Amino acid sequence: MKIKTSLTLWFTILVSTLMFISNAIVLFAVKEYLYNQKVDEIKERVVQVEKVINALAIDKKESKEKFDIKDPELLLYTLTDQHTTLYEGAYLQVTSLNDQIFSKSPTLEKSELPVLKDGTIGTLTLDLPTKKGKTKTKILYYSTTLAFENILLAKLQIGLPLAKNDKLVSELLFFRLIEISIAIFISILFGIFLSKRALSPMVKITDEVNSMEGKNLLKLLDTKNLDNDEIGNLAKTFNSLLSRISEAFEFQKRFVSDASHELRSPLTTIKGYAQLIAKRGSEKPEIAKEGLDVIIQEVERLERMVNDMLTLAKTGRNTTDFRKVDIIALINSLFDQLHKIHANLKIDSSNERIFVKADEDSLTRVFINLIDNALRVTEKTGFVKISWKVEDSYIFISISDNGIGMDKEHLEHIFERFYRVDSSREREKGGSGLGLALVKDITLMHNGQVFVESKKGEGSTFTVKLPIFI
Ligand code: ADP
């Protein structure tokens with residue numbers, strides 16, 4: 001189901017439920033109120049009848065006449081001050097104490113009221129004469145006793161029609177139902193309007209994203225007219241995701257084009273020499289020998305480059321395999337291995353134990369690359385020195401050399417992939433241009449940083465900063 005439809009539906013269900021509940025409460029209250037009014041009315045009526053009968057009895061007594069409770073015309077009395085009869089709008093019946101009917105109001109015609117227990121009050125449905133003939137009529141019924149001078153004379157049954165109450169309640173119900181229908185109709189319209197309004201930015205975003213389909217270009221969503229609400233935030237998050245995807249696309253494209261460019265040159269050399277050997281190698285063995293040497297050298301270069309590329313691709317952000325590594329021990333062991341071949345490699349030796357949380361192989365790779373670069377640019381007479389210091393829960397490991405150094409302009413680029421200070425010379429030396437890019441990626445992965453200071457002709461210092469693991 002569409003969100004728009006379900007929102008409208010929920011809104012309508014909510015409004016109708018509230019309307020039904022509130023109207024049911026109102027109807028119930030009105031019904032109760034009318035019923036209680038009728039109860040008051042019937043009690044008043046009883047008092048009135050009792051008063052009239054008592055007055056008649058006193059009258060008769062004073063005029064020394066005999067008062068007869070069995071008089072069939074007892075209830076035909078007219079209330080002179082109100083110009084109405086006693087039975088007006090009611091059903092009255094007087095019976096003996098053993099339930100024999102003495103008199104009935106004319107409103108009952110041939111019908112009779114049941115004689116129920118004294119004090120009974122409640123509703124009854126009886127076949128009673130009405131304007132439309134004898135019909136089932138709902139009445140409020142009350143049964144009591146009649147006494148004169150503390151002597152029980154008879155029983156009195158009285159009924160008041162409830163038709164008016166019911167009519168009022170059903171009219172009220174009718175109007176309330178109309179009101180509920182109108183409210184439901186309005187809530188549907190309002191629900192559609194509201195959900196359309198709330199979801200229109202979403203529809204716009206979907207349209208924008210759809211329009212990007214099939215195009216290479218990732219266009220950012222227009223968030224200018226969006227509010228600072230959930231949808232606005234979603235669009236902004238989506239935009240930042242798009243930007244990262246675009247960057248990754250760009251990076252990938254550049255990497256592939258740089259990589260193919262880098263791979264092309266050794267391949268061209270290999271092809272050239274292979275063709276030369278094929279053509280003249282048999283007549284001139286020295287050409288074949290020279291050509292094969294170059295080919296081997298280029299293949300080795302290709303191998304290094306491909307290995308570097310693979311390592312670079314594998315350098316993920318997965319830090320779950322990180323372990324506690326004694327960084328000083330790692331540097332010392334590297335030094336021990338390399339010092340045997342490169343006597344000009346020095347170290348500030350120390351047996352202190354400082355730990356970092358790291359992937360040991362990747363970290364070894366960082367220092368191998370830095371030391372290897374430094375040794376490459378330094379004359380046999382020069383030096384390469386490894387030193388370290390601790391500051392603010394970080395360890396700073398520096399590899400300094402007094403080699404060729406670099407101009408300032410190169411410093412901001414040397415950590416880029418395939419960047420070389422002197423392209424042709426470096427290529428000849430077999431560098432892939434990926435070594436420092438790897439150093440940067442790996443240190444970042446360890447929440448660290450790498451800095452360089454260098455002066456042309458004087459040397460360089462590369463410093464790796466890593467957080468100490470306590
Ligand atoms: P490569 O694998 O080709 O050496 P790197 O990424 O390691 O590539 O180095 C990038 C560039 O920085 C290279 O041109 C290299 O000559 C230069 N470079 C790296 N270390 C030093 C250093 N210690 N002194 C001078 N130049 C350096």
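Helix 6 covers residues 360-377, 18 residues in all, and spans 26 Å from its first C-alpha to its last, close to the 26 Å expected at 1.5 Å a residue. That expectation is 1.5 Å times one less than the number of residues. Helices (H or I, at least four residues) and strands (E, at least two) are DSSP runs, numbered from the N terminus. Buried in helix 6 are Ser362, Leu363, Val366, Phe367, Asn369, Leu370, Ile371, Ala374 and Leu375; buried means under 20% relative accessible area, exposed over 50%, and partly exposed in between, with a 1.4 Å probe and protein chains only. The model is predicted, with local features needing pLDDT of at least 70 and side-chain atom pairs counting only at pLDDT 80 or more, while totals for chains, interfaces and linings use all residues. Residues are numbered from 1 along each chain as its sequence is written, and side-chain values use heavy atoms, with hydrogens and water left out.

Helix 3 (residues 230-280) has 51 residues, and its end-to-end C-alpha reach of 74 Å is close to the 75 Å expected at 1.5 Å a residue. Its buried residues are Ile231, Gly232, Ala235, Asn239, Leu242, Phe255, Ala259, Glu262, Pro266 and Ile270.

Over in helix 1 sits Arg45, which counts as buried because its relative accessible area is 12%. Its contacts (heavy atoms within 4.5 Å), leaving aside neighbours within four places in sequence, are Leu86, Tyr87, Glu88, Gly89, Ala90, Ile158 and Leu160. Arg45 and Leu160 are 115 residues apart in sequence, yet 9.5 Å apart in space, C-alpha to C-alpha.

On a 1 Å grid over the protein atoms alone, a cavity is a set of points where a 1.4 Å probe fits but cannot get out, whereas a pocket is an open set with protein on both sides within 12 Å along at least five of seven lines; lining residues have an atom within 4 Å of a point. Grid points are joined across faces, edges and corners, and a volume is the space filled by probe spheres set on the points. By this rule there is one cavity of 30 Å³ or more. The largest cavity comes to about 40 Å³, and its lining consists of Ile53, Asn54, Ala57, Phe67, Leu146, Ala147, Phe148 and Leu153. Helix 1 (3-62) and strand 6 (133-148) are the elements that give two or more residues to that lining.

The second largest pocket has a volume of about 610 Å³. Its lining holds 20 residues, and Tyr91, Thr130, Thr137, Pro161 and Ala163 are the ones nearest its centre. Two or more lining residues come from each of helix 1, strand 5, strand 6, strand 7 (151-161) and helix 2 (163-212). Strand 6 supplies the largest share, four residues.

Ser111 is buried, as its relative accessible area is 5%, while Glu109, at 55%, is exposed. The Ser111 side chain reaches the backbone oxygen of Asp127 at 3.5 Å. That pair makes a polar contact, meaning N or O atoms within 3.5 Å; within protein, one must be able to donate a hydrogen and the other to accept it, and residues adjacent in sequence count only if both atoms are side-chain atoms. Beyond four places in sequence, Ser111 is in contact with Lys104, Asp127, Leu128, Pro129 and Lys134. Most residues other than glycine have a negative phi. Glu109 has a positive phi near 45°.

Asn447 likewise has a positive phi, near 60°, and lies in the loop between helix 9 (435-445) and strand 13. Its relative accessible area of 62% makes Asn447 exposed. Asn447 and Lys357 are separated by 90 residues in sequence and by 9.7 Å in space, C-alpha to C-alpha.

Strand 13 runs antiparallel to strand 14 (residues 459-467), with seven bridges between them; strands pair if DSSP finds at least two bridges between them. Ser454 has Ser460 of strand 14 as its bridge partner. Three residues lie between the strands of this hairpin, where Gly457 takes a positive phi near 80°.
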